[in-house]
Amino acid sequence: MSIALTNLDDRRWVDLVEDGRAMIPFYSPKWTDHNIHDPGITLIELFAWLAEMDIYRLNRIPERHLRKFLSLIGIHPYTPKAAIAILTLAAREDLTQPLLRIPSSTEFDGVDAFGETTRYRTTQTIYVVPSELKAVQIKNKNGFRDLTDSWRRGEEIEPFGPDAETGAEFYLGFSAPFLIDTPVSLVLISQDLSAGQSMRRSLLTELRAEKKRCATEIFVKCDPRRKSFTKKKTVKLSSRLSHHSVRLAWEFLSDEGRWRELTQGRDGEVIDETRALTLNGRLVFRLPAAIAQEQIGKNRQSLYYLRARLARGAYDAPPQLLSCALNSVFLKQTTAVGTWQWPISSSAGIKGTPPKRGHSAWITMRFNKNGHITQLTFRKSPEAVKLSVLEYQSGVLRVEAIRLGAGDGKPNLSFSLPEAPALLANFGVFTIENGRVRKWSRRISFDASTRADAHFGLEPTKGLLIFGDGERGRVVPRNVPIFVRYNSTRADAGNLTANTITHLADTPHNRAILGSSDPNSRLTLITNTLPATGGTAAETMNHAIGRAIELVDKTERAVTLADYEGLASNVPGTRLARVSARANLHPGFPCLNAQGMITVIAIPYLPLDRPTPSVGLRSAIGKYLFSRRIIGSRVEVIGPAYKEVVVHAQVKALPRANKADVSMRVIAMLNRFFHPLTGGPEATGWPLGRDVFRSEVLQVIDDTSGVDHVISLQFVNGCGQPECGNICLAANELVAAGEHQLEIL
């Protein structure tokens with residue numbers, strides 16, 4: 001989308017020449033020869049050409065001005081993003097080393113369609129266990145159901161069934177037992193990888209905003225004769241993403257013959273990163289006891305089972321799983337650019353705990369004139385820089401960083417990075433001045449920078465690093481070495497297809513973190529069963545302008561009822577089928593005019609027949625709307641009230657029609673018509689507060705296949721009283737179909 005700019009002057013060369021000719025009689029009446037051979041006409045044409053060039057420039061806005069205009073409203077073009085993928089591993093069993101450990105940031109290679117190598121890094125540490133996922137089953141009120149075949153075909157499965165009621169269970173059967181107290185990694189995918197990443201970012205953003213709102217200062221005034229004081233109260237919230245309502249209990253069948261629940265949490269026996277199977281993430285569990293082998297449910301194999309039980313709460317919609325894989329880990333298409341090493345003086349003072357090879361650490365360094373390290377501290381401090389250490393021994397420190405060049409003392413110094421695009425995450429620039437490390441900070445522009453500010457600019461797609469001019473941003477002094485640490489990515493070119501990431505990379509980084517171990521000798525499978533996705537190139541200026549236009553129409557504050565409905569529908573981590581906002585309506589006193597009260601009626605997808613929001617869902621929507629409401633208004637989030645309607649009717653069937661089939665079809669049509677999500681006259685859900693009209697029900701029955709006509713019709717309301725006319729509903733009520741009674745003649 002591009003912004004439509006006003007044409008400030010639409011005149012062209014011909015128009016300007018004609019305007020000049022038209023003014024000749026007024027300014028020079030004696031000039032009578034207006035033909036093109038006249039020298040004066042030639043001058044008019046020349047000046048018209050110059051004026052046309054000025055008009056052309058008048059309608060042109062340079063890109064740097066557009067960027068500045070966008071930044072004033074908080075819009076900055078997106079930088080390149082790295083692709084993400086899921087890698088599944090398998091290893092042959094080794095009795096001497098039963099587990100294979102793949103550390104975080106281990107690099108794997110994939111080859112694209114053009115034969116170019118693309119490098120990925122693991123984002124977590126994984127232990128490859130000698131077992132396979134063999135069976136996937138569910139158990140609900142209808143009993144067991146084996147979903148193994150659907151799972152193997154890559155189809156969507158519902159781990160708790162379409163209704164996801166409390167007590168439903170999701171079973172995972174494995175071919176071999178797990179060692180006690182050994183981390184086992186499962187990756188559960190419930191949505192597209194890039195969409196899941198966006199949802200996780202939205203949830204984390206809202207969680208940080210909630211923390212900021214809760215960390216408030218409370219001012220307490222004492223007796224007037226005493227000095228007042230200020231008390232700061234901080235409300236701590238968990239940084240872990242948890243579902244607003246559902247709690248899953250993860251259990252395994254122990255060798256004692258009973259299901260034993262695993263404790264949850266960062267220090268517990270199971271870490272669930274999937275937010276109760278609503279987000280893409282890992283499930284990492286450690287068994288505290290031996291697991292038993294047993295045949296369970298519809299699957300005839302004797303396996304080792306882990307299960308998830310819906311312990312409490314309710315989903316907004318039935319969760320779905322696209323993929324479930326054992327020994328899997330997330331990858332990010334990124335790699336560090338280059339290495340650098342400094343010699344360590346034999347008399348150097350070393351403090352702190354040195355990091356493991358391949359791990360990042362905060363490092364403070366002092367140098368002598370020869371560039372040797374004379375003091376080395378492994379501890380976080382204002383002067384420390386975070387570097388990934390590849391090698392550390394008595395005589396050398398090798399890290400993932402490169403020397404880009406040296407300063408020349410001149411303004412607007414710029415360098416081209418050796419590999420681009422560059423990722424902004426963990427991008428760092430530092431110089432060594434007078435034996436000390438000076439860190440530089442990135443700025444989008446130097447407008448607010450002073451001559452003393454160590455700021456730099458970065459164009460990540462082109463890989464261009466820029467320093468200030470001495471007035472806006474500090475100049476790098478002459479002969480001062482400049483170091484950078486960053487990761488590069490192939491952006492959208494890193495979106496490789498499935499089964500293309502198949503090799504462990506032979507790189508200095510891998511050699512550092514793996515040491516003497518050789519995973520290649522034990523790995524029997526390296527593959528990405530799903531395509532890599534999420535890699536995007538830098539955003540174009542037209543697309544950024546389009547986002548700015550959309551921002552104008554985006555609702556950030558709840559003013560109108562439509563604003564309340566739009567905001568409630570987009571609460572991160574929730575799924576609503578319908579939502580309606582009513583002004584001046586109090587849930588407890590529906591007949592009163594409650595000024596300043598906004599009641600939001602939320603309708604999820606579950607339960608199937610009478611969807612009602614859980615307490616957690618109402619709380620999540622209420623918190624989201626509370627911070628966006630108008631001061632002085634009150635917001636209440638409720639669920640709909642249901643009025644049960646039972647139809648008693650005598651129906652004449654067509655000749656030769658099966659009366660039992662006609663009865664079933666009529667009941668199905670009535671239930672569909674009264675359904676809160678798919679019913680109503682327009683089949684979009686029964687409108688809130690809309691009455692049930694006798695004439696419409698007659699038409700529904702009459703339109704059913706096999707029905708000739710309706711002989712009699714009577715409604716029975718929720719109180720069991722028959723009604724001959726229409727059924728009236730309150731503003732917050734919906735219809736619920738009861739057990740209809742039909743007589744087919």
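User: Let's start with Pro519. Is Pro519 buried or exposed?

Analyst: Keep in mind that this is a predicted model. The relative accessible area of Pro519 is 2%, and the cut-off to compare it with is under 20%. So Pro519 is buried.

User: Where is Pro519 found, and which residues does Pro519 touch?

Analyst: Pro519 sits in the loop between α6 (508–514) and β35 (523–527).

User: On to helix α11. Why are the buried residues on the same side of α11?

Analyst: Helix α11 spans residues 694–702, and its buried residues are Glu696, Val697, Val700 and Ile701. They are on the same side because, around the axis, they cover an arc of only 135 degrees.

User: Which residues are exposed on the other side of α11, and what covers the buried ones?

Analyst: On that other side, Ser695 and Gln699 are exposed. The cover over the buried residues of α11 includes β39 (641–653), α10 (659–674) and β40 (707–716).

User: How many salt bridges are found in the whole structure, and which residues are linked in a network?

Analyst: A search of the whole structure gives 34 salt bridges. The residues linked in a network of salt bridges are Glu169, Glu251, Arg307 and Arg309.

User: Are Arg547 and Glu539, which form a salt bridge, buried or exposed?

Analyst: The closest N and O atoms of this pair are 2.8 Å apart. Arg547 has 16% relative accessibility, and Glu539 has 11%. Buried means under 20%, so Arg547 counts as buried, and Glu539 also counts as buried.

User: What about Glu636 and Arg634: how far apart are N and O in their salt bridge?

Analyst: Glu636 is partly exposed at 25% relative accessibility. Arg634 is partly exposed too, with a relative accessible area of 44%. In the salt bridge where their side chains meet, the N to O distance is 2.9 Å.

User: Now the surface. Which helix gives the largest share of the nonpolar patch?

Analyst: The patch is formed by Trp13, Val14, Leu43, Leu46, Phe47, Trp49 and Leu50, with about 690 Å² of accessible area together. Two elements give two or more residues to it: α1 (13–27) and α2 (39–58). Trp13, for example, lies in helix α1 and counts as partly exposed at 32% relative accessibility. The largest share, 5 residues, comes from α2.

User: Last one: how many disulfides does the structure hold?

Analyst: A disulfide is a covalent bond between the sulfur atoms of two cysteines. Cysteines are present: Cys324 counts as buried at 5% relative accessibility, whereas Cys728 counts as exposed at 52%. Even so, the number of disulfides in the structure is 0.

Conventions: Residues are numbered from 1 along each chain as its sequence is written. This is a predicted model: local features need pLDDT of at least 70, side-chain atom pairs count only at pLDDT 80 or more; totals for chains, interfaces and linings use all residues. Side-chain values use heavy atoms; hydrogens and water are left out. Buried means under 20% relative accessible area, exposed over 50%, partly exposed in between (1.4 Å probe, protein chains only). Helices (H or I, at least four residues) and strands (E, at least two) are DSSP runs, numbered from the N terminus. The arc is that of the directions from the helix axis to the C-beta atoms. Contact means heavy atoms within 4.5 Å. A salt bridge is a side-chain nitrogen of Lys or Arg within 4 Å of a carboxyl oxygen of Asp or Glu. Patches are made of residues with over 30% relative accessible area and no salt bridge: like charges are joined within 9 Å, nonpolar side chains (Val, Leu, Ile, Met, Phe, Trp, Tyr) within 5 Å. Accessible areas come from the Shrake-Rupley method with a 1.4 Å probe; for residues, only the protein chains shown count as cover. A disulfide is a pair of cysteine sulfur atoms within 2.5 Å.
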